[in-house]
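Colleague: I would like to learn how to read a model like this one feature by feature. Could we take each term in general first, and then turn to the case at hand?

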Amino acid sequence: MSVLEVLKYPHPVLKQVAKKIDSIDQDLKVLANNMLETMYKAPGVGLAAPQVGHSIRMVVIDTRPKDDDGNFTDEDMTELEKAVTYPLVLVNPVITKKEGTIKWEEGCLSVPGYVEEVERAAYVEVNHSTIDGEEVTLKADSLLAVCVQHEIDHLDGKVFIERLSQLKFDRIRKLIKKNGYDQPEA
Ligand SMILES: [Zn+2]
C-alpha cells in the first residue's frame, strides 16, 4: 500500500463531477487500499477519489473515534454508526433519503487548516456498491452522516467551504490565495 498525494483546493480535479464506475477490477481495489492508507496517515475520517486525482465515484470512510491509546473505540457512537463494518468503501454512492438537519465542524484534507460549521442532513440513506460488487444500503446519522455527505460532495465537484455563506467562503478563499496552505490562518 502507498500514501498518495492529496490535491489541495482549488485544484481543477476537485471541481469536476466524477464519473460513475462501470466495473470493479484489481486496480480499483488497489486504489481503495491506497486511499485508506492515505486517509489514516493524514489522519482523516474520509477521502474521496478526486482528492487523490481520480475523477471517479468512490470514497473511503472511517469515522470511528479513538481512545487515549489511539485504538478504535465505539464509545459515543450512535447505534447506526455501531452497526457499520469499518472501514467503509463506497462505490457509486447515491443518497436516496435525507431527514432533519445537523451542524458539525468540518475540515477537509484538501483545505488543510480550515474548520467551519456546516449544516447538513442529520440522517441519510445511501445506496452504493461495496468494493466486492455487492449492492447495499447504508443508513447513517451523526458524524457518519456528515462525513458521507461531505465525501459525496467531492464526487460532485464541491468542497465544504462552498457550503458556507458567501461572506465566509470569500474570506477563506482570499486567505488561501494569499497564504497558500503553508501558514493557514482560519
Ligand atoms: Zn473533504
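Modeller: Let us begin with burial, since much of the reading rests on it: a residue is called buried when its relative accessible area is under 20%, and exposed when that area is over 50%. Please keep in mind throughout that this is a predicted model.

Colleague: With that cut-off, is H154 buried or exposed?

Modeller: H154 has a relative accessible area of 1%, which means that it is buried, and H150, at 7%, is buried because it too falls under the 20% limit.

Colleague: Which protein atoms are the donors of the zinc ion?

Modeller: The donors are SG of C108 together with NE2 of H150 and NE2 of H154, and they lie 2.1 to 2.3 Å from the zinc ion. Along the chain these donors follow the spacing C-x41-H-x3-H. The two histidines, H150 and H154, belong to helix α3 (residues 142–155), where they are 4 residues apart, about one turn of the helix.

Colleague: How many residues of α3 are buried?

Modeller: Of the 14 residues in α3, 13 are buried, so that the helix is mostly covered. From its first C-alpha to its last, α3 reaches 21 Å, close to the 20 Å expected at 1.5 Å a residue, and just after the helix G157 takes a positive phi of about 80 degrees.

Colleague: How should I think about nonpolar cores, and which residues touch the most other members of the largest one here?

Modeller: In soluble globular proteins, nonpolar side chains tend to be buried together. In this model the largest nonpolar core has 20 residues, of which I61, L88, L138, L144 and V148 touch the most other members. The elements giving two or more residues to this core are β2 (58–61), β3 (88–99), β6 (123–129), β7 (135–141) and α3, and α3 gives the most, with 6 residues. If neighbours within four places in sequence are left aside, V148 is in contact with I61, V126 and L138. Another core, of 16 residues, lies apart from this one, and V6, L28, A32 and V52 are among its members.

Colleague: Which residues of helix α4 are buried, and which exposed residues does the opposite face carry?

Modeller: In α4 (residues 166–179), the residues F169, I172, L175 and I176 are buried. These four lie on the same side of α4 because they cover an arc of only 130 degrees around the axis. The face turned away from that buried side carries the exposed residues Q166, L167, K174, K177 and K178, while what covers the buried residues includes β5 (116–120).

Terms used. Residues are numbered from 1 along each chain as its sequence is written. This is a predicted model: local features need pLDDT of at least 70, side-chain atom pairs count only at pLDDT 80 or more; totals for chains, interfaces and linings use all residues. Side-chain values use heavy atoms; hydrogens and water are left out. Donors are N, O and S atoms within 2.8 Å of the metal (3.2 Å for Na, K and Ca); water is not among the atoms, so sites may look incomplete. Buried means under 20% relative accessible area, exposed over 50%, partly exposed in between (1.4 Å probe, protein chains only). A nonpolar core is a set of buried Ala, Val, Leu, Ile, Met, Phe, Trp, Tyr and Cys residues joined through side-chain atoms within 4.5 Å. Contact means heavy atoms within 4.5 Å. The expected span of a helix is 1.5 Å times one less than its number of residues. The arc is that of the directions from the helix axis to the C-beta atoms.
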